[in-house]
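Welcome, and please have your viewer ready. We will go from one selection to the next and look at what is there.

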Amino acid sequence: MSSNPGVFFLTGMIQAAAPAVETGASGWVTWWMVGALVVSAIALLISIRNLSRFRRAPVVNDSDDEGWSVTVCIPARNEAVNLEACVQSALESADADPASSTTVMVYDDGSDDATPTILARLMESDPRVIRAEVNPLPTGWNGKQHACDRMGRQGQTDWLLFTDADVRFAADCLRRTRAAVRAQRTANGDIALFSAFPHERTGTVGETLVVPLIHFILMSYLPIGRMRSSLDPAASAACGQFILARRDAWLQVGGHAVIRNSMHDGVRLPRLFRRAGHATDIFDGTDIVECRMYHGFAETWRGFAKNAYEGLGNIFLLVLLTVLHLGGHVAPWIILGVVAVSSSLGAEFSGVSMAAAGFASAAIIVQLTLRVLLAARFQQAWSGVLLHPVALTVFTLLQWWSLVLHVTGRRSWRGRLG
């Protein structure tokens, strides 16, 4: 038997609650909480398994590593606040990898702030920084996908690294990314698309509610084992902040032009590669790349709403996740809250039995265990752990709002949707 005190405590709560299962109104609440415990436990078990597979980039490169040629592609529209720091971090990472040939290409997508001036200064100070040739945004294109497609076709290197202006590279980022590519050969052959999930920095409670759910969703639902053993498009993922693609494979699949109207290259691009027979994979970039996606709740809401529904792809998955998240993760907190309020008022709430309260408590302990593991691994704000039920409630509302925007055609990338 396990010597883990948490396991003893959880087992004891379930054993104590089990004999008290009732019928009628309180009975169905009890069984509901049993289901919530199962949902929470499955998410924890899948996440533990995925965390062991979601490896960081090797620190030491192979002895026969001779470097590579790579173009860091940065779409920029009104990125005066971010552009210089992003480009400089990419150049510093290139400096730490002298065996390689690195180009930093920026696509200035009609900026009306200081972005063009900053780009001109960066180009003057370092010849590795180049301005992509800019074309008018065609009808039916999302601005980011058009920028990435133009840069990919103008690049002359073996690899393309699509990133965002709010991303910052560690000095050893490019070198270790290459080491990860060389180390990660799947059952389907060499990697053609490799994506890192960065350290997602947050600065406000509003950001902390939503942004850490990227890793929660990824670890709880992505079948990483199947991703590496098959070319199933559904068993794939990527993060649009850091997508590395072999240029010949990228050209073969049609580049970003195939997903020209998409708001979610992190979902669409790896599926495109897999349908063409190319292996894709992901790795943990927490220690080599970081990003602060948004500032404040309003910006976070708008940013996620543009593609939260597209990331799912259909209404069935949206309904399923709504049931799992609200019914499996949020409901136990509500049940326990009802019991706590009733007890404080000295009243008995007949709709919630002791068994239901016990199973709800067990589900909450499992959820908190998962969020603690994720917060520790991915350097997330600890306040987000206790905000788990609020976060999933907000995220569910956000996903449904994203569906409204999707249906009504009101999504855009920085106002760039032709």
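## A walk around helix α5

Select the buried residues of α5 to begin: G143, K144, Q145, H146, A147, C148, D149, R150, M151 and G152. Buried means under 20% relative accessible area, exposed over 50%, and partly exposed in between (1.4 Å probe, protein chains only). Helices (H or I, at least four residues) and strands (E, at least two) are DSSP runs, numbered from the N terminus. This is a predicted model, where local features need pLDDT of at least 70, side-chain atom pairs count only at pLDDT 80 or more, and totals for chains, interfaces and linings use all residues. Residues are numbered from 1 along each chain as its sequence is written, and side-chain values use heavy atoms, with hydrogens and water left out.

Now show the whole of α5, residues 143–154. Ten of its twelve residues are buried, so mostly this helix is covered. What covers those buried residues? Bring up β1, β2 (101–108), β4 (159–163), α10 (247–253) and α11 (265–275), which are among the covering elements. Contact here means heavy atoms within 4.5 Å.

Next, check the length of α5.

Step to N142, which caps the N-terminal end of α5. A side-chain oxygen of N142 lies 3.1 Å from the backbone nitrogen of K144.

## Across to the sheet

Turn to the strands: eight of them form an open sheet with mixed pairing, in the order β3-β2-β1-β4-β7-β6-β8-β5. Two strands pair if DSSP finds at least two bridges between them. At the edges are β3 (129–131) and β5 (167–169), each pairing on one side only.

Zoom in on β5, which three bridges join to β8 (residues 279–291) in an antiparallel arrangement. Here R168 stands opposite E290 in β8.

## Two loop stops

Finally, select N78, in the loop between β1 (69–76) and α3 (83–95). N78 has a positive phi of about 55° although it is not a glycine. Most residues other than glycine have a negative phi.

For the last stop, pick Q379, in the loop between α15 (354–378) and α16 (383–386). Q379 is not a glycine, yet has a positive phi of about 55°; with 43% relative accessibility, Q379 counts as partly exposed.

Definitions and conventions
Expected span 1.5 Å × (residues − 1). Polar contact = N/O pair within 3.5 Å; in protein donor to acceptor, adjacent residues only side chain to side chain.
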